[in-house]
Amino acid sequence: MPLDIVVGAQWGDEGKGRVVDLLSEESQVVARYNGGDNAGHTVTVCEKIYKLHVIPSGIIHPGTIGVMGSGMVLNPQTLVEEMAMLRAAGIDITPERLWISDALQLITPAHRLLDCAQDAALGKGQIGTTGRGIGPAYVDKAARHGLRAGEILDAADFEARVGDHFEETNKLLRDWYHQPAMDVNKLVAEYLDAANQMRPFIRRIGPLVQAALKDGRTVLAEGAQGTLLDVEQGTYPYVTSSCTTAAGVFGGLGLGVQPVRRSIGVTKAFQTRVGAGPFPTELDGEQAAFLRGSGANPWDEYGTTTGRPRRVGWIDLVLLKYAQEVNGFNELFVTKLDVLSGLKEIPVCVAYERDGRKIDRLDFSGDARLLAQCKPIYETLPGWQEDLRDCRDCGNLPKAAQDYVDFIESKIGVPVRTLSVGPERSAMIIRN
C-alpha cells in the first residue's frame, strides 16, 4: 500500500508542482488534500508551461488519476477554466481521470468579495490574503453552513442554497463593510453554469483511493501552500485556513490512518514568502534582487497565483528543522540550487537569538509574535561561480555546492534525495 506525501517545508512556492510532476511518473493516483486556488503549481514540459491552481499537477501524465479531496475548497469557475486550459493543451480530462470529493467545500464569488473586504478592513494589520475567497469558505465550513460539492447533484436544492448564500453575503458586504451590493441573479446564473459542469466528476473518493492502495497502486498526496502556513503549526495568524502538513492527508482524502512510505519535504535552497508576517532571514537591496530575479523569467520569484514579488532571504534551518518535526519528513527535495550560482559566500541561518538566548530549535509552535523577536545567527559557507543548469549528476556539481547540500542534510537529520538545478523538467539530480 504505497502512500507517498509531498509537503512544502517553507511558506509555500517551494516548487512542489515539479516535484509532483517527477514523482507522478511512478504514481497511478495523485491527490490534492487541502487548500484552494490560492495555491499555484508550475510545471515545465519542454517549452510548455502549465500553471495549475486546483487540479493535481500529476494529471499532466497520461493515465494518472487526479483526486481533489474534501480538505480542499474549490471555486467551480476556476476549475472549469483550468479544465479548458488542460484540454486545449491535449490533456485528457474526464470523470474517469478526475475525481472530486462530494464533501469538498465550494468557493463562490461572494466569498471572494468578502475576503477582500475583510482584509481591507484590517488596515495595517492585513494578512495579505490572495483574495480568492479561501478564508471565508473555510469559515463557512467551520460554522457548518458551507456549500459542499455533493449538493450540486440535487440541482433544485442547490440553486436555492446558492441564492440564499449570495443574499446573506450581500447583507454583510453592505451593512458591515459598506461595499456595493452584488448583482445576485447574474452571479448565481454564472456560478450554476460552472457548477453543473462539475457534476459528472463528483463522488465519494475515500473508498476509491483506499481500493487503489489495496491493489498496490502508488498514491501520491500533494499538499498545497507550505508547512509554515498551516493554520495550527504555521506562523499564526499569518497563515492559510487549512491543514497544510502531512497530517492533513488522512482527513483530507477520507482515508484511515495507515503507513506512509515517503514523506517528502520540499524546500528551496533559499527562503521566500508572499504576504505579511515575520521572516527572520529576509533580505532587501541587491542581495534580494539577485535571489528574486527581475520577473522576466517564469521561474523568477513572483507568485504563480498573485503575481506579487516574493520576499526573499537566506535559507532558515531552524524553520526547516521545525517543518521536519511536524511532518515527519524522511527525505528532502531541494529546489533552485542553481539560483545561488555566482555568490562568493552564502549565509545559512542555523540558530536564533531571542531575549539574550541562543535558540537552535523552536520552543514554540510557529507563533508569529515570538518569531518576530528572533534574530538570525548565521554560518557562512563558500559559494560557487559555476552554472549548475547542465549538471545531472552529483559528481558534476562544484564542491562548494555539494558541501552546501551536505550541510543542510547534516543539520536537518534526513537525507536530501533530490536536487533541482534549473526550470526544465530534466534539470534534476538524484542523490544516492
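Author: In this predicted model, a helix is a DSSP run of H or I of at least four residues, numbered from the N terminus. D140 lies in such a run, helix α4, which spans residues 134-142.

Reader: How many aromatic pairs are counted?

Author: The count comes to three aromatic pairs.

Reader: Why is the pair of F166 and Y191 called edge-to-face?

Author: Ring centres must lie within 6.5 Å, and planes over 60 degrees apart count as edge-to-face. The centres of F166 and Y191 are 6.3 Å apart and their planes stand at 70°, so the pair is edge-to-face. F166 belongs to helix α5 (residues 155-175) and Y191 to helix α6 (residues 184-198), so the pair ties together parts 25 residues apart in sequence. Both F166 and Y191 are buried.

Reader: What makes W384 and Y404 an edge-to-face pair?

Author: Their rings are 6.0 Å apart centre to centre, with 65° between the planes. W384 lies in the loop between β17 and α12, and Y404 in helix α12, so the pair ties together parts 20 residues apart in sequence.

Reader: Why does W384 count as buried?

Author: Buried means under 20% relative accessible area. W384 has 2% relative accessibility, and therefore counts as buried. Y404, with a relative accessible area of 1%, is buried too.

Terms used. Residues are numbered from 1 along each chain as its sequence is written. This is a predicted model: local features need pLDDT of at least 70, side-chain atom pairs count only at pLDDT 80 or more; totals for chains, interfaces and linings use all residues. Side-chain values use heavy atoms; hydrogens and water are left out. Helices (H or I, at least four residues) and strands (E, at least two) are DSSP runs, numbered from the N terminus. Rings of Phe, Tyr and Trp (its six-membered ring) pair if their centres lie within 6.5 Å; planes under 30 degrees apart count as stacked, over 60 as edge-to-face and the rest as tilted. Buried means under 20% relative accessible area, exposed over 50%, partly exposed in between (1.4 Å probe, protein chains only).
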